[in-house]
Amino acid sequence: MAEHSPHSPPAHSDALVIFGISGDLAFKKIFPALYAMVKNGALSVPVIGVAASDWTREQLHQQARKSLQEETGMDDPAVCERLLALLFYVHGDYRAAETFSAIKAALKNAQRPAYYLAIPPSLFTVVIQGLQSAGLTEQARIIVEKPFGRDLASAQELSRIAQSAFAENAIFRIDHYLGKEALMNLLYFRFANSFFEPLWNRDNIASVEITLAESFGIEERGAFYETAGCLRDVVENHMLQIVALLAMEPPAFQGFKAVQQAKANVFYAMRALVPGDLVRGQYIGYRNEPHVASDSDVETFCALRLWIDSWRWHGVPWFLRSGKKLANTAAEVRVHLKPPPQRLFDDADAHRTQANYVRFRLSPDPAIALATRVKCAGESFVGQQRELYLSEISLGHDLPYERLLGDAMEGDATLFSNQEAVEAAWAVVNPVLTDHAPALPYPPGSWGPPEADALIAACGGWHNPEAPAPAPAPAPPPPRATP
Ligand code: NDP
């Protein structure tokens with residue numbers, strides 16, 4: 001959805017500079033994305049990695065090879081070699097001017113670099129100012145990892161600093177969730193199917209429920225998680241982005257500006273959260289994780305109720321739930337439709353509790369299901385709820401960073417958030433970042449603290465996404481031919 005105007009930055013970035021190339025994110029996601037981009041012909045410009053480690057270029061190449069072997073299986077060594085030929089290294093402290101002089105030298109004749117900040121948020125400002133002081137920001141783009149701020153005030157301050165060095169249309173705020181095919185399909189499915197639009201409003205929809213569940217804990221990231229928590233790490237970004245895709249008005253025209261504006265308008269219409277809308281939880285054992293305070297009140301689970309005060313959504317509650325060490329790893333949306341207004345059939349009571357719904361399974365195994373009632377064979381007018389199930393959705397491979405880095409280097413911001421949307425989303429969660437009840441304990445492997453059930457009880461309770469179907473057992477080896 002690229003769009004062109006006389007004010008757009010030049011078409012394609014001619015170098016990619018990755019701050020944080022020795023970090024965890026680079027190892028797990030960025031090297032695999034670069035590999036895929038080279039393989040698809042989407043990357044042929046120099047890539048300059050920057051980090052504090054005193055590595056040689058060869059050591060960076062070893063790190064890239066290791067990442068590709070462990071994370072992708074590296075099916076094509078020739079592609080790996082093509083990537084390594086593009087990959088250079090600059091080491092230095094981001095606080096030192098010499099680091100930026102070395103980056104300038106490494107950029108050689110590049111005129112339109114893209115800088116990717118895959119670094120701890122506390123360093124975003126330091127790097128932006130370093131680039132600016134070295135005169136490296138003109139015609140450049142900047143790609144900023146989440147979280148963009150840790151509350152409304154810090155998001156505004158970060159925008160102010162970023163915009164003092166880069167034009168707003170050259171700032172790409174990454175939420176890798178938006179690069180997932182299943183999320184792009186929410187936008188497509190809603191607006192490529194005309195039968196949805198007349199249904200998609202407060203007249204027909206009773207409530208919307210979204211669950212993003214992980215069965216694993218914080219793993220080795222205790223120090224990071226202590227500064228974040230579920231509200232900042234998942235709700236403010238991934239979950240509100242899902243809400244925006246489901247709730248937005250049709251974009252007024254083709255192009256990323258219309259999509260970004262339509263999403264920002266959803267956040268503007270959202271009521272700011274109050275403590276009574278939120279249940280925070282913490283899995284039992286979290287306080288024993290490395291780098292976690294023994295009296296930590298950081299939440300590893302959130303359940304909340306949202307309201308969107310727009311013409312379309314007035315009176316429809318949105319229930320959001322996310323957490324770590326829950327019973328399954330799955331992300332799912334359920335849009336519950338209202339039951340028929342008339343009690344025509346013998347099973348009319350069941351229509352209240354088992355009304356139609358649309359289910360978007362986002363991960364794993366993405367799917368879309370429409371739940372409808374059909375009559376059972378027999379004399380009485382009694383039916384059952386069955387799902388029309390689109391399971392073979394051709395979503396292909398899911399490498400969000402490949403898509404997002406490629407889009408940013410092309411200047412297509414459809415899958416990124418603009419300043420308005422980021423700040424409006426923070427304004428929704430800001431009141432409860434500090435004003436909230438203590439986190440309630442829940443056992444690992446459960447669906448969170450029981451108090452979360454009370455939030456949604458009047459709308460039929462939570463629907464727990466099913467675990468993915470087990471992978472089929474490998475076929476037994478063929479019998480050996482007897483000589
Ligand atoms: P890490 O702590 O693993 O990596 C930090 C990187 O920054 C390293 O390359 C480190 O270099 C470099 N660095 C830190 N301080 C300096 C400094 N003063 N000067 C020069 N280099 C420095 O972070 P992650 O990779 O985990 O995360 C990076 C960003 O990505 C964060 O914003 C995070 O929120 C985001 N993110 C991370 C995810 C993940 O799964 N890890 C998922 C989604 C987002 P060196 O190692 O050489 O010291």
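The largest cavity in this predicted model has a volume of about 150 Å³. It is one of 5 cavities of 30 Å³ or more that the structure holds.

Let me stay with that largest cavity for a moment. Its lining consists of 15 residues. If you want to find the place on the screen, look for Phe148, Glu236, Asn237, Ser417 and Val422, which lie nearest the centre of the cavity.

Where does the lining come from? Domain 1, residues 15-174, and domain 2, residues 178-398 plus 416-459, each give at least three residues to the lining. In terms of helices, at least two lining residues come from helix 9, residues 230-247, and at least two from helix 13, residues 419-434.

Now to a helix pair. Helix 2 covers residues 57-72 and helix 3 covers residues 77-86. The axes of helix 2 and helix 3 come within 10 Å, and they cross at roughly 145 degrees. Is that crossing left-handed or right-handed? The crossing of helix 2 and helix 3 is right-handed.

Which residues make the contact? On the helix 2 side there are Arg57, His61, Ala64, Arg65 and Leu68. On the helix 3 side there are Cys80, Glu81, Leu83, Leu84 and Ala85. Counted by class, the contact of helix 2 with helix 3 has 6 nonpolar residues, 3 charged residues and 1 polar residue.

Key:
Residues are numbered from 1 along each chain as its sequence is written. This is a predicted model: local features need pLDDT of at least 70, side-chain atom pairs count only at pLDDT 80 or more; totals for chains, interfaces and linings use all residues. Side-chain values use heavy atoms; hydrogens and water are left out. Axes are lines fitted to C-alpha atoms, for helices over the stretch in contact, and angles run from 0 to 180 degrees between N-to-C directions. Helices (H or I, at least four residues) and strands (E, at least two) are DSSP runs, numbered from the N terminus. A crossing is left-handed if the near helix is turned anticlockwise from the far one by less than a right angle, and right-handed if clockwise. Contact means heavy atoms within 4.5 Å. Ala, Val, Leu, Ile, Met, Phe, Trp, Tyr, Cys and Pro count as nonpolar, Asp, Glu, Lys and Arg as charged, and the others, Gly among them, as polar. On a 1 Å grid over the protein atoms alone, a cavity is a set of points where a 1.4 Å probe fits but cannot get out, and a pocket is an open set with protein on both sides within 12 Å along at least five of seven lines; lining residues have an atom within 4 Å of a point. Grid points are joined across faces, edges and corners, and a volume is the space filled by probe spheres set on the points. Domain bounds come from an automatic or database domain assignment.
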